[in-house]
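Thank you for passing this structure along for comment. Please have the sequence and the coordinates open while reading the points below.

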Amino acid sequence: MAAEIVNPRSDSDTGQDGGAEPLDSFDPAFALHRGGKMAVQATVPLRDKDDLSLAYTPGVAKVCSAIAEQPDLVHDYTWKSSVVAVVTDGTAVLGLGDIGPEASLPVMEGKAILFKQFGGVDAVPLALACTDVDEIIETVVRLAPSFGGVNLEDISAPRCFEIERRLQERLDIPVFHDDQHGTAVVTLAALRNAARLSGRSIGDLRAVISGAGAAGVAIAKMLVEAGIGDVAVSDRKGVVSADRDDLTSVKRELAGFTNKARLAGSLEDALAGADVFIGVSGGTVAESAVASMAKGAFVFAMANPDPEVHPDVAHKYAAVVATGRSDFPNQINNVLAFPGIFAGALQVRASRITEGMKIAAAEALAAVVGDDLAADYVIPSPFDERVAPAVTAAVAAAARAEGVARR
């Protein structure tokens, strides 16, 4: 699959009803997207009848028959082991929300070309016209024979948790919900380096997460797995704690392994004396709450396009500031994680992506920064060519160590 820009527009193609001026005549984003952002490209020649007889009939029948007798040969003689399905139902697209499958396609195409550009992994966007959990699961299970992995994308919480879990149980290929785990991996990498910069370890820190959706829950789980001192998560009603009687099953589970300090009340209350703020919810955090954090705190305000704490405010009080935006230093960007994670998993034909593989990815990502560590450089750029190879190698090694690699 070629990660190339295609633009089949003709001079007479207006792209709108009634001959109105096309949108891409005044907006470069529309110009870039006209015709889509990707295309299929052959990897073998078709120059003459001999090539055709090998690539298609009769030569292809030999390969089909061999796979029918030895199913594992599909990994060697098709693209299965190098291609990922990028699956969405369009219910939680970027910052746009429930906009439906068709409107999600530009994002899914973008995800596919990021896979190719940054990880060398082919990816196919699949926008599903269903939102029922059972229907999504059955659809993906039936499509799975064509793919080496499944990247779930922009599926709303709490449905996304059940969909991922059940697909992991039914499939023997990696299933990875990037909105959860990609964000968590990059956050952990940045936090490790911020702690190193300040002469502390993860275990010395108390963190507060704003947002108990897909990303917030996954970040909390990964920080606990990595040995965080303590972490509390806040939703719209305040800190998630076992004392609340309004929790979903996901949040009840969350309350069971977070908030050792048994904090209650609002997000602002929890931030008093905290070492780390991690925002994945939107909204605005009052400057007074940021000012109440511990000296030398870290503020990772990752909502897009408007961070929960503007960097100008955060820098008044925090030693390290990160956002989800590319126009500020320390961008927490999922593209630092998912291409290399899938490349590593596919390289060893992993049956799943484990917590150990994700933590290995975070450690490798953090290590890329090396001796260049600084307050405005705790995480590398997506365009740093060292990133994907480092993450790929670490994930592959972790898969072998954890017994989920099949080669």
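The numbered points that follow take up confidence, the sheet, backbone geometry, salt bridges and a surface patch.

1. The model is predicted, and its confidence should be read before anything else. The chain averages a pLDDT of 93, and 95% of the residues score at least 70.

2. An open sheet is formed by 6 strands with mixed pairing, and their order is β7-β6-β5-β8-β9-β10. The edges are taken by β7 (238-239) and β10 (318-323), each of which has a single partner strand, so one side of each is left without a neighbour in the sheet.

3. Within this sheet, β6 (residues 230-235) makes pairings of both kinds that a new reader may wish to trace. With β7, strand β6 pairs in the antiparallel sense over 2 bridges, and S234 stands opposite V239 of β7. With β5, strand β6 pairs in the parallel sense over 5 bridges, where A232 of β6 is the bridge partner of V208.

4. Most residues other than glycine have a negative phi, and most peptide bonds are trans. Against that background, two cis bonds deserve a look: the peptide bond from T57 to P58 is cis, with omega near 10°, and a cis bond also joins A157 and P158, with omega about 5°. P58 lies in the loop between α2 (49-55) and α3 (59-69), whereas P158 is found in the loop between β3 (149-152) and α7 (159-170).

5. The loop between β3 and α7 also holds D154, which has a positive phi of about 55° although it is not a glycine. D154 counts as buried because its relative accessibility is 3%, below the 20% cut-off for that class. N259, in the loop between α10 (249-257) and α11 (267-271), likewise has a positive phi, near 55°, and is buried with a relative accessible area of 6%.

6. The structure holds 25 salt bridges, one of which joins the side chains of D89 and R159 at 2.3 Å, N to O. D89 lies in the loop between β1 (83-88) and α5 (101-119) and R159 in helix α7, so the pair ties together parts that are 70 residues apart in sequence. Both D89 and R159 are buried.

7. The side chains of R262 and D243 meet in a salt bridge of 3.2 Å, N to O, and here both residues are exposed. A salt bridge of 3.2 Å, N to O, also joins E287 and K316; E287 lies in helix α12 (residues 287-291) and K316 in helix α13 (residues 311-317), so parts that are 29 residues apart in sequence are tied together. E287 is partly exposed at 31% relative accessibility, while K316 is exposed at 55%. Elsewhere, D235, K237, R244, D246 and K251 are linked in a network of salt bridges.

8. Finally, L23, F26 and F30 form a nonpolar patch on the surface, with about 300 Å² of accessible area together. F26 sits in the segment before α1 (28-33) and counts as exposed, with 56% relative accessibility.

Technical notes: Residues are numbered from 1 along each chain as its sequence is written. This is a predicted model: local features need pLDDT of at least 70, side-chain atom pairs count only at pLDDT 80 or more; totals for chains, interfaces and linings use all residues. Side-chain values use heavy atoms; hydrogens and water are left out. Patches are made of residues with over 30% relative accessible area and no salt bridge: like charges are joined within 9 Å, nonpolar side chains (Val, Leu, Ile, Met, Phe, Trp, Tyr) within 5 Å. Accessible areas come from the Shrake-Rupley method with a 1.4 Å probe; for residues, only the protein chains shown count as cover. A salt bridge is a side-chain nitrogen of Lys or Arg within 4 Å of a carboxyl oxygen of Asp or Glu. Helices (H or I, at least four residues) and strands (E, at least two) are DSSP runs, numbered from the N terminus. Buried means under 20% relative accessible area, exposed over 50%, partly exposed in between (1.4 Å probe, protein chains only). pLDDT is the predictor's confidence in each residue, from 0 to 100. Two strands pair if DSSP finds at least two bridges between them.
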